[in-house]
Amino acid sequence: MNTRENEMSRVTEIKHPLILHKLAIIRDKNTGSKDFRELLEEIATLMAYEVTRDMAVEDVQVETPVAVATCKMLAGKKLAIVPILRAGMGMVDGILKLIPAAKVGHIGLYRNEETLQPVEYFCKLPKDIEEREVIVVDPMLATGGSAADAITLLKRRGATNIKFVGLVAAPEGVAHLTNAHPDVDIYVAAIDEKLNEKGYIVPGLGDAGDRLFGTK
């Protein structure tokens, strides 16, 4: 794990060997949609351990076969997972495996291929989103525009405790998101070299949505 300190936010590259191994397979252009989906879900599960490291716990009394033990359990803080459609859907089940009680919202944004700017087309969130810790998920943090706009939508609806979790990021996207929302911690598996002229991450892994759903 590598943490880069910003003025307020933290940018964390989670460099666990299992994540690095699975990420290498996902990057391979010959990896098909079935394997891509499974690997993305597995990586999301592995990343969730680090992302949820600061979740609040409380003391509880548990009777073992031998004696009563004072143990730690989650303090019941509410959590919401909000994927940015459509590629973000590929990370949801991986996190739900660890936290099945979390609510799931959805934000739909697409990138204008001429301006590279995000356009909103859908937003559906839990009614008590302002009371929840929110994890926004999207495999790619490229220009950072979609992530920044999604988080802006969440804040307008009352969310105050927000994290962003992605797979691969470009330095430009990290800079954009930290500048737009310096209170949001960012977790990714890799920060790549740059964006190309088409706004794709280099070396990246191509279009995550197309590879996830086999639409290319």
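These legends describe close-up views of a predicted model. Local features need pLDDT of at least 70 and side-chain atom pairs count only at pLDDT 80 or more, while totals for chains, interfaces and linings use all residues. Residues are numbered from 1 along each chain as its sequence is written, and side-chain values use heavy atoms, with hydrogens and water left out.

**View 1. The largest nonpolar core.** This core has 37 residues. (A nonpolar core is a set of buried Ala, Val, Leu, Ile, Met, Phe, Trp, Tyr and Cys residues joined through side-chain atoms within 4.5 Å; buried means under 20% relative accessible area, exposed over 50%, partly exposed in between, with a 1.4 Å probe and protein chains only.) Ile26, Met47, Ile95, Val137, Val165, Leu167 and Leu205 have the most contacts inside it. At least two core residues come from each of α1 (17-27), α2 (33-51), β5 (79-85), α3 (89-96), β9 (133-137) and α6. (Helices, H or I with at least four residues, and strands, E with at least two, are DSSP runs numbered from the N terminus.) Helix α2 gives the most, with eight residues.

View 2. Contacts of Val137 (heavy atoms within 4.5 Å), leaving aside neighbours within four places in sequence, include Ile81, Val82, Met91, Ile95 and Val165.

View 3. An unreviewed UniProt entry lists Leu141 under "binding site". Leu141 is in strand β10 (residues 140-141). Its relative accessible area is 2%, so Leu141 is buried. Ile201 sits in strand β16 (residues 201-202). Ile201 counts as buried because its relative accessibility is 8%. Leu141 touches Ile201, and also Phe164, Val174 and Leu177, among others. Ile201 also touches Met140, Asp192 and Lys194, among others.

**View 4. Ala208 at helix α6.** Ala208 lies in helix α6 (residues 208-213). With a relative accessible area of 4%, Ala208 is buried. Beyond neighbours within four places in sequence, Ala208 contacts Phe36, Ala87, Pro139 and Met140.

View 5. Phe122 is found in strand β8 (residues 118-124). Phe122 counts as partly exposed because its relative accessibility is 38%.

Terms used. UniProt positions renumbered as here; feature names shortened; annotations may be inferred.
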